[in-house]
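Have a look at the fold before reading on.

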Amino acid sequence: MFEVRVPMTSANVACGFDTLGIAFQEYSIFDFELSDSLEFVNFEEEFCNEDNLVYIAFKKALNFLSKTIKGVKISLKKQAPIARGLGSSSTCVVAGIYGAYLLTGSEINKNDILKIATEIEGHPDNVAPAIFGNLCASCLVNDEAITVQYDVDDRFNFMALIPNFETKTADARKALPKELPLKDAIFSLSRLGIVLRAFENYDIDTLKKVLADKIHEPYRKKLIYEYDEVRNICESIESYGFFISGSGSTLINILKDKNNVELIKEKLKNLKYDWKVLFVKADKEGTTYEERNV
């Protein structure tokens, strides 16, 4: 039996629309065990079938590896928040692929795993950091996923502000304009290289000046209830960067002083919606696994 741990991820990171993604030290955890049949443990009933995303990825990886097994028991031990812009589907996809590699004794090849995962997800911005960890910049070139990693300085602190409502990715895509003013594209693209270097060098003061976007956030923030209120609370206490995680509804705040997390949490209690706060650091390892005795 193998335990697979996949980090929660946040795509876009403001100006890196559809290219940047960062991994956090909060994990979805799955167990994979050979079985005589297909079994699911701790999943909601609607996901206990062959349409389970973990199993779909597991089967696709088996086909890629030209391997077969009689059956598999997949157990969910911990799940990243679902439908909140924190890469929950990517954790399922990556875990399923790893499960197939591990149960068939296949050598782990992260580039091949990225290829399989991207074919399932359709884009690499979440699966890349889930596999490799850290801050990843990714793109598709003739259907090939290309990714590079940037080492986020250990001093960075992140707050994931997770509301009790979801924003569907399809709705967030529909909110985007079909055409974009050139000046808005330049606004975001001109910041991208500076943001990457700032994350590597802990240039937090520069990051505060440049971490902004005009490609997707002005349109998507309208779908997130209390966006302005939450942002104002963070900025009134401490914020060196604030952005929508993926397509939402989670928001990310960057801060220096961990003690300010509690101050922000107290202020959030005055809002209409329930905002859960996770204090997280950047994950540096990506997906990890451990063999366990049954």
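Let's start with Tyr273, which is partly exposed at 23% relative accessibility. Keep in mind that this is a predicted model. Its partner ring belongs to Phe165, and with the centres 5.0 Å apart and the planes at 70°, the pair comes out as edge-to-face. The cut-off behind that label is an angle over 60 degrees.

Both residues sit in loops, and the pair bridges distant parts of the chain: Phe165 is between β7 (157-163) and α5 (169-174), while Tyr273 is between α10 (260-268) and β10 (275-280), 108 residues apart. Phe165 has a relative accessible area of 8%, so this residue is buried.

## More aromatic pairs

How many aromatic pairs does a search of the whole structure find? The count is 16. Another one to look at joins Tyr98 and Tyr289, with 6.3 Å from centre to centre and 45° between the planes, which makes it tilted. Because Tyr98 belongs to helix α2 (residues 88-103) and Tyr289 to strand β11 (residues 288-291), this pair ties together parts that lie 191 residues apart in sequence.

Are the two tyrosines buried or exposed? Tyr98 is buried, at 1% relative accessibility, whereas Tyr289 is partly exposed at 42%. There's also a cluster held by ring pairs, made up of Phe30, Phe32, Phe40, Phe43, Tyr55 and Phe58.

## Charges over rings

Two spots bring a charged side chain over an aromatic ring. Arg191 has its charged end over the ring of Phe187, 3.6 Å from the ring centre. Lys208 does likewise with Tyr240, its charged end sitting 5.0 Å from the centre of that ring.

The chain splits into domain 1 (2-151 + 283-291) and domain 2 (157-281). Their C-alpha centres are 25 Å apart, and the contact draws on 27 residues from domain 1 and 34 residues from domain 2. Between them they bury about 2400 Å², with carbon and sulfur atoms giving 66% of that. On the domain 1 side, Cys15, Phe17 and Arg84 supply 28% of the area buried against domain 2, more than any other three residues.

## What the record says

An unreviewed UniProt entry lists residues 54-133 as "domain: GHMP kinase N-terminal".

Note on methods. Residues numbered from 1 in each chain as written. Predicted model: local features only at pLDDT ≥ 70, side-chain atom pairs only at ≥ 80, totals over all residues. Heavy atoms only, no water. Phe/Tyr/Trp six-rings, centres within 6.5 Å; stacked < 30°, edge-to-face > 60°. Helix = DSSP H or I, 4+ residues; strand = E, 2+ residues; numbered from the N terminus. Buried < 20%, exposed > 50% of the residue type's maximum accessible area, 1.4 Å probe, protein only. Lys NZ or Arg CZ within 6 Å of the ring centre and 35° of its normal. UniProt positions renumbered as here; feature names shortened; annotations may be inferred. Domains from an automatic or database assignment. Contact = heavy atoms within 4.5 Å. Buried area = accessible area lost by both parts, 1.4 Å probe.
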